[in-house]
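Have your viewer ready and try each task before reading on.

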Amino acid sequence: MMEEEELEFVEELEAVLQLTPDVQLAIEQVFPSQDPLDRADFNAVEYINTLFPTEQSLANIDEVVNKIRLKIRRLDDNIRTVVRGQTNVGQDGRQVQERLTSVV
């Protein structure tokens with residue numbers, strides 16, 4: 001029973017996360033990427049099978065996991081930088097507005 005509920009949840013989540021083709025195209029134009037993780041048709045099973053095509057390749061799992069962790073860390077850093085930048089822009093805009101108001 002629990003597996004059915006989880007499957008339904010995953011299907012509902014995937015339906016919500018589906019972007020329209022126009023939105024997907026716009027994203028690809030603004031942020032071109034060759035990374036398979038960025039593809040709209042990303043398939044986790046296929047991706048894992050490309051990383052570990054044979055049983056012997058599983059010996060490299062620690063290296064692959066470390067690379068993925070590093071990628072996550074870089075993405076987190078980029079997100080923090082963008083959020084800080086947006087905060088600073090908002091503060092700068094308020095300061096300019098206050099200066100203009102006090103001049104007028």
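**Exercise 1.** How much space lies in the largest pocket? Then work out what lines it.

*Solution.* Keep in mind that this is a predicted model.
- Step 1: begin with the volume; the largest pocket holds about 370 Å³ of space.
- Step 2: turn to the elements around it; α1 (2-17) and α2 (21-30) are the ones that give two or more residues to this lining. With four residues, α1 gives the most.
- Step 3: look at the lining itself, which has 15 residues. Those nearest the centre of the pocket are Leu 17, Gln 18, Arg 39, Ala 40 and Phe 42.
- Step 4: sort the lining by class, and you get nine nonpolar, two polar and four charged residues.

**Exercise 2.** Find the volume of the second largest pocket, and describe its lining by class.

*Solution.* 
- Step 1: the volume comes to about 290 Å³.
- Step 2: pick out the residues that line this pocket, among them Gln 24, Glu 28, Pro 32, Asp 35 and Arg 39.
- Step 3: grouped by class, the lining has four nonpolar, three polar and four charged residues.

**Exercise 3.** Which residues make the nonpolar surface patch of about 470 Å²? Is Leu 19 buried, partly exposed or exposed?

*Solution.* 
- Step 1: select Leu 19, Val 23, Ile 27, Val 30 and Phe 31, which together make the patch.
- Step 2: locate Leu 19 in the loop between α1 and α2.
- Step 3: the relative accessibility of Leu 19 is 43%, so this residue counts as partly exposed. The class runs between the 20% and 50% cut-offs.

Methods: Residues are numbered from 1 along each chain as its sequence is written. This is a predicted model: local features need pLDDT of at least 70, side-chain atom pairs count only at pLDDT 80 or more; totals for chains, interfaces and linings use all residues. Side-chain values use heavy atoms; hydrogens and water are left out. On a 1 Å grid over the protein atoms alone, a cavity is a set of points where a 1.4 Å probe fits but cannot get out, and a pocket is an open set with protein on both sides within 12 Å along at least five of seven lines; lining residues have an atom within 4 Å of a point. Grid points are joined across faces, edges and corners, and a volume is the space filled by probe spheres set on the points. Ala, Val, Leu, Ile, Met, Phe, Trp, Tyr, Cys and Pro count as nonpolar, Asp, Glu, Lys and Arg as charged, and the others, Gly among them, as polar. Patches are made of residues with over 30% relative accessible area and no salt bridge: like charges are joined within 9 Å, nonpolar side chains (Val, Leu, Ile, Met, Phe, Trp, Tyr) within 5 Å. Accessible areas come from the Shrake-Rupley method with a 1.4 Å probe; for residues, only the protein chains shown count as cover. A salt bridge is a side-chain nitrogen of Lys or Arg within 4 Å of a carboxyl oxygen of Asp or Glu. Buried means under 20% relative accessible area, exposed over 50%, partly exposed in between (1.4 Å probe, protein chains only).
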